[in-house]
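Please look at the sequence and the structure shown here, and then read the notes that follow, which are grouped by topic.

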Amino acid sequence: MTDTSHQPALDNLLSEDRRFPPTAEFGAQANAHAEMYSWASADRLSFWAEQARNLLTWDTPFTEVLDWSAAPVARWFADGRLNACENAVDRHVREGRGERVALLFEGEPGDTRTLTYADLQREVSRAANAMLALGVGTGDRVAIYLPMIPEAVVAMLACARIGAIHSVVFGGFSAEALRSRIDDAQASLVITADGGYRKGKASALKPAVDEALGGAADALGPLDHGAQSSVHHVLVVRRTGQEVEWTDGRDVWWHEALEAASDQHTPVPVEAEHPLFILYTSGTTGKPKGIFHTTGGYLTQTAFTHLTVFDLKPETDVYWCTADVGWITGHSYVTYGPLVNGATQVIYEGTPDTPHQGRWWEIVQKYRVSILYTAPTAIRTCMKWGEELPAQYDLSSLRVLGSVGEPINPEAWMWYRRVIGDDRTPVVDTWWQTETGAIMISPLPGVTATKPGSAQAPLPGISAEVVDEMAQPVPNGSGGYLVLTEPWPSMLRGIWGDQQRYVDTYWSRFDGMYFAGDGAKKDEDGDIWLLGRVDDVMNVSGHRLSTTEIESALVSHPMVAEAAVVGAQDATTGQAVVAFVILRAEYRDRVDEVGEGADVAAELRAHVTTQIGPIAKPRTILVVAELPKTRSGKIMRRLLRDVAEHRTVGDVTTLADSSVMDQIATGLSSST
Ligand code: WT7
C-alpha cells in the first residue's frame, strides 16, 4: 500500500518552472472566474446549490442541499426531482435549441451522421418506448455493450428517461467480463450491436453477448448462481451487417423495435438520489466494483466542470472527447456534461490510426473542433508518430486542450500545447476517477497560470489534501496520499450490492476522509502533482487494471500454479502489464522444450484476453521457478518491478528466501 518506488522522480517534476499564464483575451471571455474559489470556500453548499439551480431544470425544486447524516453516503439535493434525459435533451428542444447539432458522428469507415437535439429527442423517445414495451421499468438495470456509435448515447439517455439504471460495459471486454457484470447487477436487458468497426475491420460483439448469456454455459462453465440469467431480452443494433446468431423470443432488432415505437414520450421525473448508472471498475481485489452514481449531484458537477474547465460556449464550440462511453470519461464528458450544457460534439467510432495516423487531426480539421479532451497515452503515441503528421492539418480551430486518465509528463504536456495547440491554447490536466464522477483537480482556463505536468488545484467547491500516514496535511514541497476531505455532489454513492466494501475501500484508511488510492505531492506553491497509484491498481493507457484480477485470470489457466503481476513503466502506455508465472510441475517440460516458453506466453496472453479482454493482456510473461515473498507469504511486487523495469534489484532482506531474486535474474539473462 505504501510502496511508492515506481513513481516518477519527484525532484525532476518539482524543478519544473515553466508557467503559462492566461492571455488577457482568454481571461476576458472565460466562463471561470477567480472569485468562484473565494465564493465556494466561503460557502461551499450555497455555491453548489446555485450551480444545481442554474445549470439544471428541476421538476420539483430542492430545498435541502446536502444531507451527510448517513456518512459516508451523501444525499445531495435530495427532496428535488428531475430527469437526466429531460436535462440533456428535451429542455433544449423546448427552449428553441432543437435545430442545434448535438452529435457529429464519424464512423471508422468514414460514414457520418448528424443528430440535432430534436433528432435526439425523437430517437431517445422511441428507444424509451421500445424498452418499456420489453418490460423494462424504473429502477431496472440495463447492460449496454456497444461500439462508439450514436446508439450508445441514445441507449444511455433512454434508460435515464424511464428511470432505468444503465451499466455500460466497454465493448473491448470479454464475454466472461460482460457476464460477471450482467450477473452482479442482475440486468434484465442487454443492448448490443452485431459489431463495430475497429482497425479497418468489422469486429463482432453479439457472439460475446450470446456466450455471456448462459446459452454457452459449456464454454464458460456454469453461471455463478447456478441460476437462469437475469436477462429477458437483447436489443441488437445493426451496425456492420455481419451475420449474427439469433435466439427467438429473446433477441430483438433495435431498428425494428424503434420503428414500431412512438417518438413521443414524457421523461419520468425521479428523486435526485435515484441511481442513474452503475459502472464497473477495477479495484485491488479480483472482483470489479460496481460504482454507482445518482442523478442530481452527478449532473450538477458534470455540467459545471464541463462549462468551466473546458470553457464551453455551447453556441459556437465544437467539442470532442475521444473517450469511449465504456469508461467514466465517456459518461461524464460525452453523454451527460456536454448534452446537459447543450454542446455540439464529435463522436468517433474507431482507432486513431485507421486508415492513417493523421485521422484524428483530419477530424479536428473537418469539424473545426475547438475543444479536445484526450489521454496522455494518445498524446505520447502521436509524439512517436512525429509532429509532421498533425502539421499537415489545419488545427487553428482548437482553443482548449484537456488531458485525463494518468499523470501527464511535462514533455508530453509541452508537445500537446506546442504541436496541437500552436503554443496558444491552454492545456488543462484534469484529475478525477470513476468514483468521483466528475473532474476534481484541474486548472481553470482563463484563471490559472498552468504548469506542465501538474493538475494544480482542487476546483471551486472541492476539498482535497495531501496527507501523511497519520492523516496530517503535508507541508509544501512534500509528498503523501491524496484525500478528499469534504463530500462533493458527483461522488459515488456506493458499490452496487456491497456497501461495506464501499466503506472499507475508501473511508477506512484515514478517518473521515475519502482515500483516492493515488500518491501526490504539493510543490512550493501548494500545487498538486499526481504521482500514480499507491495500491495494486495499474494504469495502462489510461485504463484501470487490477494486478489481482489479472493474477486470478492467469491462475485460472490449468498450466499456472502461481502468478504475480506488476505494472512496469512504459514510454507510451504509462504502465505495461508484466506477469511472472510459475507453471505446474506437469507443464514445466514444455518450457524447456521451447527454451523461453514462447508458446506458453502466447497461450496465457490469449487466456487473459478471454477472461478479461485485450486491454488486460500482459505485454511480457516471464516463466520463473519462484516468486519473491516475505516471511508472511506476501509477494514483493516492488522487486519484480525492479526486474521488469531493468533496474538493480532493491533490498531483499525481508524475503523468506533471499536467493529467489538471483534465480529470477539468472533465469532471465539466460533466456534472452
Ligand atoms: C485513476 C482513476 C477519470 C477518468 C479516467 C480514469 C488516474 C486520472 C489523472 C490525472 C494523474 C490520473 C488516477 C486515478 N488519473 N486522471 N489527470 N493525473 N492521474 O478513471 O479508470 O477511474 O481511474 O486514474 O490514478 O485514481 P479511472
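The end C-alpha atoms of residues 34-88 lie 28 Å apart, and this span is 45% helix and 11% strand, where helices (H or I, at least four residues) and strands (E, at least two) are DSSP runs numbered from the N terminus. This is a predicted model, in which local features need pLDDT of at least 70 and side-chain atom pairs count only at pLDDT 80 or more, while totals for chains, interfaces and linings use all residues. Residues are numbered from 1 along each chain as its sequence is written.

**Annotation**
- At residues 34-88, UniProt places the feature "domain: Acetyl-coenzyme A synthetase N-terminal", from an unreviewed entry; such annotations may be inferred rather than shown by experiment.

**Two domains**
- The protein chain is divided into domain 1 (24-519) and domain 2 (537-670), with bounds that come from an automatic or database domain assignment.
- The C-alpha centres of domain 1 and domain 2 lie 33 Å apart.
- In domain 1, 20 residues are in contact with 21 residues of domain 2, contact being defined as C-beta atoms, placed from the backbone, that lie within 7 Å.
- On the side of domain 1 that touches domain 2, α8 (175-185) and α15 (376-385) each supply at least two residues, and the largest share, five residues, comes from α15.
- The residues of this side of domain 1 divide into four nonpolar, 12 polar and four charged, where Ala, Val, Leu, Ile, Met, Phe, Trp, Tyr, Cys and Pro count as nonpolar, Asp, Glu, Lys and Arg as charged, and the others, Gly among them, as polar.

Terms used
Contact = placed C-beta atoms within 7 Å.
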